[in-house]
Amino acid sequence: YRITERELEIVELTIAGLTSREIGKQLNISDRTVQSHLEHIYQKLGATGKVDLIRLSGLFSVEKNVNNT
């Protein structure tokens, strides 16, 4: 799985329980941009939503899959 550094930030904040609006405020982006990132993350990881994303995060280390390009 290849996710960007920004996507990793969003995954970590989502797992921490923040809403899209809270994540957006923290990262200085719109909540719609957060939703767009989440949609890309779900596609890349095969997740169906936040609950699935949290479940999947326990199966592997997301950090090892960051694409730094």
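Trainee: What is the order of secondary structure elements along the chain?

Mentor: The model is predicted, so local features need pLDDT of at least 70. The chain has 4 helices and 0 strands. Read along the sequence, the pattern is therefore α-α-α-α.

Trainee: What share of the residues in the chain is buried?

Mentor: The accessible surface of the chain is about 4400 Å², and carbon and sulfur atoms account for 48% of that surface. A residue counts as buried under 20% relative accessible area. Of the 69 residues in the chain, the buried share is 38%.

Trainee: How are helices H1 and H4 oriented to each other?

Mentor: The axes of H1 (residues 5-15) and H4 (residues 50-57) come within 10 Å and cross at roughly 100 degrees. Angles of 65 to 115 degrees count as roughly perpendicular. H1 and H4 are therefore roughly perpendicular.

Trainee: Which residues of H4 meet H1, and how many residues of each class does the contact have?

Mentor: From H1, the residues are Val 11, Thr 14 and Ile 15. Their counterparts in H4 are Lys 50, Leu 53, Ile 54 and Ser 57. By class, the contact of H1 with H4 has 4 nonpolar, 2 polar and 1 charged residues.

Trainee: Where around the axis of H4 do its buried residues lie?

Mentor: Asp 52, Leu 53, Leu 56 and Ser 57 are the buried residues in H4. Their arc around the axis is only 140 degrees, which puts them on the same side of H4. The cover over these buried residues includes H1 and helix H3 (31-45).

Trainee: Is Val 51 buried or exposed?

Mentor: Val 51 belongs to helix H4. Val 51 and Thr 14 are 37 residues apart in sequence, with a C-alpha to C-alpha distance of 9.6 Å. The relative accessibility of Val 51 is 70%, and the cut-off for exposed is over 50%. Val 51 therefore counts as exposed.

Trainee: How are H2 and H3 oriented to each other, and which residues of H3 make the contact?

Mentor: Helix H2 (residues 20-27) packs against H3 at an angle of about 110 degrees, with the axes 8 Å apart. H2 and H3 are therefore roughly perpendicular. H2 contributes Ser 20, Arg 21, Ile 23 and Gly 24, while the residues of H3 are Asp 31, Val 34, Gln 35 and Leu 38.

Trainee: Is Val 34 buried or exposed, and with which residues is Val 34 in contact beyond four places in sequence?

Mentor: Val 34, in helix H3, has 0% relative accessibility and therefore counts as buried. Val 34 lies 7.9 Å from Arg 21, C-alpha to C-alpha, across 13 residues of sequence. With neighbours within four places left aside, the contacts of Val 34 are Ile 10, Ser 20, Ile 23, Gly 24 and Ile 29.

Trainee: Which residues does Glu 7 contact, leaving aside neighbours within four places in sequence?

Mentor: Glu 7 is part of helix H1. With a relative accessible area of 4%, Glu 7 is buried. The residues in contact with Glu 7 are Arg 2, His 37, His 40, Ile 41 and Lys 44.

Notes. Residues are numbered from 1 along each chain as its sequence is written. This is a predicted model: local features need pLDDT of at least 70, side-chain atom pairs count only at pLDDT 80 or more; totals for chains, interfaces and linings use all residues. Side-chain values use heavy atoms; hydrogens and water are left out. Axes are lines fitted to C-alpha atoms, for helices over the stretch in contact, and angles run from 0 to 180 degrees between N-to-C directions. Helices (H or I, at least four residues) and strands (E, at least two) are DSSP runs, numbered from the N terminus. Angles under 35 degrees count as roughly parallel, over 145 as roughly antiparallel, 65 to 115 as roughly perpendicular and the rest as oblique. Contact means heavy atoms within 4.5 Å. Ala, Val, Leu, Ile, Met, Phe, Trp, Tyr, Cys and Pro count as nonpolar, Asp, Glu, Lys and Arg as charged, and the others, Gly among them, as polar. Buried means under 20% relative accessible area, exposed over 50%, partly exposed in between (1.4 Å probe, protein chains only). Accessible areas come from the Shrake-Rupley method with a 1.4 Å probe; for residues, only the protein chains shown count as cover. The arc is that of the directions from the helix axis to the C-beta atoms.
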